[in-house]
Amino acid sequence: MDTQTQAYSGRAPDRTRRSTRQVLGVVLFLAFVFGVVPAFIAATGRWDFYYTLTSVALLSVAAAGVWLTFYIGRINIGQGAYALAGGYVSTILMTQGGVSFWLTLPLAGLFCALISVLIGWPILRLRGVYFAMVTLVLTEVARLTALALPITNGAKGITSIPLPGGVSVMGVTLIPDFATLENPRQAFYFVAVTVMVLVYLVLWRIVNSRLGHLCRSLQQNEELSASIGVNTAWLRVLAYAISSFFGGVAGAMFVSISQSIYPSSFVVQDSVNFMLYCFVGGLGYVFGPMLGTLLLYFGWDLLQVAGQYQLLIYSGTMIALMLVLPNGVLSLFDRKGAGK
Amino acid sequence: MTAILEIRNLTKKFGGLTANNDISFDVAQGEILSVIGPNGAGKSTLFKQIAGFERPTAGEVRYKGDRISGLPPHKVARMGVVRTFQETTIFKSMTVRENVIVAHHLRSRASLLGYFLNSAQARADEADFARSADDIIGFLGLVEIRDELASNLPQGHLRALGMAIGLATQPQVILLDEPFAGMNHDETMRMVALVRRLRDERGVTVLLVEHDMPAVMKISDRIVCINFGQKIAEGGPAEIQADPRVIEAYLGSEDAAIGI
């Protein structure tokens with residue numbers, strides 16, 4: 001007992017130091033995305049960066065969902081389906097139901113979570129490449145469904161979607177009407193980054209709570225997990241539903257920015273990309289998908305200077321990254337991982 | 001002695017193959033009972049059915065009078081019947097302590113949402129799990145390797161960790177699948193002592209499947225022998241060693257040296 005107490009008291013200041021560092025990291029990050037980035041853009045006049053960074057933020061929200069399914073040991077190549085569904089739900093609610101965009105955002109997520117429960121219940125029994133294949137097909141099914149349904153207006157899609165309206169409570173304007181804004185691109189950036197911060201906060205809490213520990217047990221050994229009393233089927237569906245919720249929210253935001261949606265707004269390529277963002281950033285790190293999205297999205301843009309060799313260099317670099325850093329870019333900063 | 005576990009006419013067929021045929025026996029509260037039999041006799045299938053990993057074709061398993069066969073594994077575990085695995089099944093990329101802590105799932109009082117929000121109950125639970133995990137780690141002599149990654153452990157420790165994971169669920173009955181496999185004499189004797197203490201100090205009823213005959217003879221209160229899916233003998237170690245059907249079942253196989 002004595003040695004145990006010693007071990008704990010020895011670790012306690014370490015833990016405090018770590019949490020101080022975490023808080024500091026979060027504050028720096030918030031200051032950067034909400035302060036430094038807008039200041040930089042205003043100074044350089046590169047307003048197009050807003051569009052790029054908004055995309056990065058939203059793609060990383062969808063990728064966060066994919067990452068969570070990786071965390072329970074499933075390869076998810078179907079996030080495009082939920083992004084598409086979320087986009088349509090938000091659009092249809094706005095254009096036909098007259099619902100405020102801000103309300104459709106969570107509703108789109110909830111709708112996706114709900115259908116993911118129905119879809120996930122049977123398919124989450126599959127493992128490895130079999131689950132991956134079914135989810136891949138799912139993206140295609142979503143596209144074909146959007147083509148076929150009358151409410152989605154087929155291949156013509158839905159265009160001229162209104163910009164998000166304002167929100168005011170008792171005369172106080174909380175969110176201004178985007179149509180009246182001089183610079184809606186900046187407003188979208190702030191919204192997207194806020195959503196991203198919230199999503200990663202949720203993800204971080206999941207991973208660092210018992211819920212995350214149970215997900216890890218599932219990832220490492222489902223049978224053992226069941227034998228310690230975990231309702232594995234239920235937990236898998238829960239994680240998948242949260243994942244799809246993120247996908248739906250990201251899709252709804254995207255559509256609102258482009259003010260149009262087509263069955264081909266999210267295709268298999270997007271689903272594959274979400275997965276790659278997770279791989280590149282690191283499957284073992286909560287912020288892996290965020291970094292992966294930033295690197296790959298920006299990297300692709302930067303490589304435009306390479307002209308016809310863009311894809312070649314991009315793919316070559318990706319293969320090299322996976323060979324050299326199989327645990328993702330973030331493993332570079334992980335001292336424990338580096339020591340192995 | 002009252003039966004804590006009743007196996008009644010258990011039959012399992014895989015297509016045309018009958019893995020278990022009409023097996024019946026009782027496990028008494030607080031005893032150590034071994035199931036033996038040559039390779040392919042159907043021991044593992046029997047275990048899987050008791051723990052809920054396979055559904056019996058016919059017959060049933062009762063635990064304290066309630067039918068548990070056909071229930072999913074997590075429900076069987078919740079009732080108090082927990083299985084450890086033949087392979088060294090552990091959570092590889094967690095430390096020893098994390099393995100044992102996560103295995104306390106059944107004792108959770110907070111909801112998953114509570115854990116997510118880090119409620120007072122959740123914090124109390126985690127503290128409780130950590131205390132209990134350290135207790136189990138001490139009991140199994142794993143204190144020095146508490147913070148080692150499970151994937152770095154040698155065989156003997158892995159087996160003990162598997163048992164620690166099982167113990168964390170606070171089982172009434174623990175099913176040990178070949179706990180001595182791949183161990184040398186010393187390791188086996190240590191494990192035998194450990195299993196005894198499990199029963200003596202923690203009151204856990206132990207049902208085990210094993211090949212190592214000397215260890216089985218040493219540890220068991222009673223033994224059930226199965227061959228080709230059928231129960232052929234049941235009794236104390238001395239009875240089983242003298243039973244002509246058991247000797248015949250093992251004759252010609254490497255395990256023929258059952259008499260020693």
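Start by selecting Arg109(B) and Asp128(B): their side chains meet in a salt bridge, 3.8 Å from N to O. The term stands for a side-chain nitrogen of Lys or Arg within 4 Å of a carboxyl oxygen of Asp or Glu. Arg109(B) sits in the loop between helix 3 and helix 4 (112-116) of chain B and Asp128(B) in helix 5 (residues 120-139) of chain B, so the pair ties together parts 19 residues apart in sequence. Helices here are DSSP runs of H or I with at least four residues, strands are runs of E with at least two, and both are numbered from the N terminus. Arg109(B) is exposed, with a relative accessible area of 54%, whereas Asp128(B) counts as buried at 18%. Buried means under 20% relative accessible area, exposed over 50%, and partly exposed in between (1.4 Å probe, protein chains only).

A word on ground rules: this is a predicted model, where local features need pLDDT of at least 70 and side-chain atom pairs count only at pLDDT 80 or more, while totals for chains, interfaces and linings use all residues. Residues are numbered from 1 along each chain as its sequence is written, chains are lettered from A and ligands numbered from 1 in the order in which they are written, and side-chain values use heavy atoms, with hydrogens and water left out.

**Stop two: the interface**

Show both chains. Here 28 residues of chain A are in contact (heavy atoms within 4.5 Å) with 34 residues of chain B. About 2,700 Å² is buried between them, 60% of it from carbon and sulfur atoms; that area is the accessible area (1.4 Å probe) that the two parts lose on being put together, summed over both. On the chain A side, pick out Arg210(A), Leu224(A) and Ile228(A), which lose the most area to chain B, together 27% of what that side buries.

How many salt bridges does the rule find across the interface of chain A and chain B? Two. For one of them, select Glu126(B) and Arg210(A), whose side chains meet at 3.2 Å, N to O. Then try Arg216(A) with Glu98(B), where the closest N and O atoms are 3.9 Å apart. Arg216(A) lies in helix 7 of chain A and Glu98(B) in helix 3 (residues 96-102) of chain B, so this pair joins two chains. Arg216(A) counts as buried at 18% relative accessibility, and Glu98(B) is partly exposed at 33%.

**Stop three: inside chain A**

Next, select Glu222(A) and Arg127(A), a salt bridge at 3.5 Å, N to O. Glu222(A) is in helix 8 of chain A and Arg127(A) in the loop between helix 4 (101-123) and helix 5 (128-148), 95 residues apart. Glu222(A) counts as buried at 9% relative accessibility, while Arg127(A) is partly exposed at 47%.

Zoom out, and chain A shows 13 helices and two strands. Buried residues make up 46% of its 340 residues.

Most residues other than glycine have a negative phi. Asn9(B), however, has a positive phi of about 50°; find Asn9(B) in strand 1 (residues 3-14) of chain B. Lys64(B) also has a positive phi of about 50°, and is found in the loop between strand 4 (58-63) and strand 5 (66-67) of chain B.
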